[in-house]
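Subject: Structure handover

Hello,

Here is the structure I promised to pass on. Please open it first, then read my notes below.

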Amino acid sequence: MAPALQDALCGLGFEPVRPSADEAEVQSVGRDGFRVESRRPAMSTLVSVAAIHESAALGEDAIGRAFDEMDRLIAIFSRYDEASALSALNAEGHLEGPPPELAMVLSAALSYHRLSDGAFDPTVAPLVDLFCASFTGPVPREPTAAEIAEARELVGAGAITASRRRVRLTRRGTALTLDGIAKGYIVDRMAATLERAGIGRYLVEAGGDIRTGGTKEAGLPWAVAVRDPERAGRLPGTIHLSGAAVATSGSYERYYDPERRFHHIVDAARGFSPRACTSATVVAPSATAADALATAVLVLGSRAGVALVESLPGCACLIVQSDGCVTHSHGWKESPQ
């Protein structure tokens, strides 16, 4: 079902229904039991979960629980849902007693902001909204230098004061977007839900954010191919994962102009979307880390991005530059697990 139609039905009082067993794909994989896979549209992408277990019924139930957890967390982090905790924070400038998940992800976002010297910035929402409004208005156009400068005045993580008890935005007009980290966090929580249900072998994917557990059928690692967003059919790299995560950020994910010069990833220091690189893929121990780091690396560019990733244990990256050249960290060759 299309997201817009689902939203309309919910508005009329219909409740969303967990995918039934009939909607899941079940495949026998010999001595490994069954591979159960299900997909759902969410977070502006297609979210898929694959699980391998000797019991198909347990696999289907676990996947359903993982999607339930996804829905619960989206209701906290979506800034397009007026009822979400993040929307309430952006609207009021403060939030008392924030959900613990919001406090945790915001704390992580601020940590990656410091770690990346500001390349990862959760306060770029005014710039992203400016780009979107400029190109989706009656007469699509580029934002003016004055408009960008005005929006930049609202950007800066120094305006955030946060604790488990309250979150406050001290600069009027500042707004947060956690799109560069919350999707990874949700993938991690879906993976944790599968593990609590007894699933140790799985792959969770949400539009380039992937978390794996164990191995796939026949004891093989999960294989993930990295594509070149500007050159159809070109695969700059393939990695094998078992118990690790990977995330890709790029100009191709959500852009506002045909040339993809203005997109959802923004360099807060310049007020523009990064253009030197078209995609950054990061392997990390968690999808939360991979998601935030991929965003930061795309903003930093090849040299500084690789340096950042190589300073972190258990991480590796591959960067596709706008001219098609590929750069990777030393660890990438080793197919980190």
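Which residues in α2 meet which residues in α4? On the α2 side they are R72, L73, I76 and F77. On the α4 side they are E101, L102 and V105. By class, this contact has five nonpolar residues, two charged ones and no polar ones.

Please keep in mind that this is a predicted model.

The geometry of that pair comes next. The axes of α2 and α4 come within 10 Å. They cross at roughly 70°. An angle from 65 to 115 degrees counts as roughly perpendicular, so α2 and α4 are roughly perpendicular to each other. The crossing of α2 and α4 is right-handed.

Now the chain as a whole. It has 337 residues, and 51% of them are buried. It holds nine helices and 14 strands. Take the contacts with a separation of 6 or more: 59% of them join residues 24 or more positions apart.

Is α7 largely enclosed or largely open, and why? Eleven of its 15 residues are buried, so α7 is largely enclosed by the rest of the structure. The buried residues are A182, K183, G184, Y185, I186, V187, D188, M190, A191, T193 and L194. The list includes K183 and D188, which both belong to the charged class.

After α7 comes G198. The phi of G198 is positive, near 100°.

Helix α4 turns up again here. α4 and α7 pack at an angle of about 125°. Their axes are 11 Å apart. An angle of 65 to 115 degrees would count as roughly perpendicular, and one over 145 as roughly antiparallel. The value for α4 and α7 is about 125°, so the two helices are oblique to each other. Their crossing is right-handed.

The residues that meet are E101, M104 and V105 in α4, and A182, Y185 and R189 in α7. Four of the residues in this contact are nonpolar, two are charged and none is polar.

First, S48. Beyond its neighbours within four places in sequence, S48 is in contact with S38, R39, L203, V204 and E205.

Second, R172. You will find R172 in the loop between β6 (166–169) and α7. Is R172 buried or exposed? Its relative accessibility is 81%, so R172 counts as exposed. R172 and N90 are 82 residues apart in sequence. In space, they are 9.8 Å apart, C-alpha to C-alpha.

That is the handover. Send me your questions once you have looked through it.

Best wishes

Methods. Residues are numbered from 1 along each chain as its sequence is written. This is a predicted model: local features need pLDDT of at least 70, side-chain atom pairs count only at pLDDT 80 or more; totals for chains, interfaces and linings use all residues. Side-chain values use heavy atoms; hydrogens and water are left out. Buried means under 20% relative accessible area, exposed over 50%, partly exposed in between (1.4 Å probe, protein chains only). Helices (H or I, at least four residues) and strands (E, at least two) are DSSP runs, numbered from the N terminus. Axes are lines fitted to C-alpha atoms, for helices over the stretch in contact, and angles run from 0 to 180 degrees between N-to-C directions. Angles under 35 degrees count as roughly parallel, over 145 as roughly antiparallel, 65 to 115 as roughly perpendicular and the rest as oblique. A crossing is left-handed if the near helix is turned anticlockwise from the far one by less than a right angle, and right-handed if clockwise. Contact means heavy atoms within 4.5 Å.
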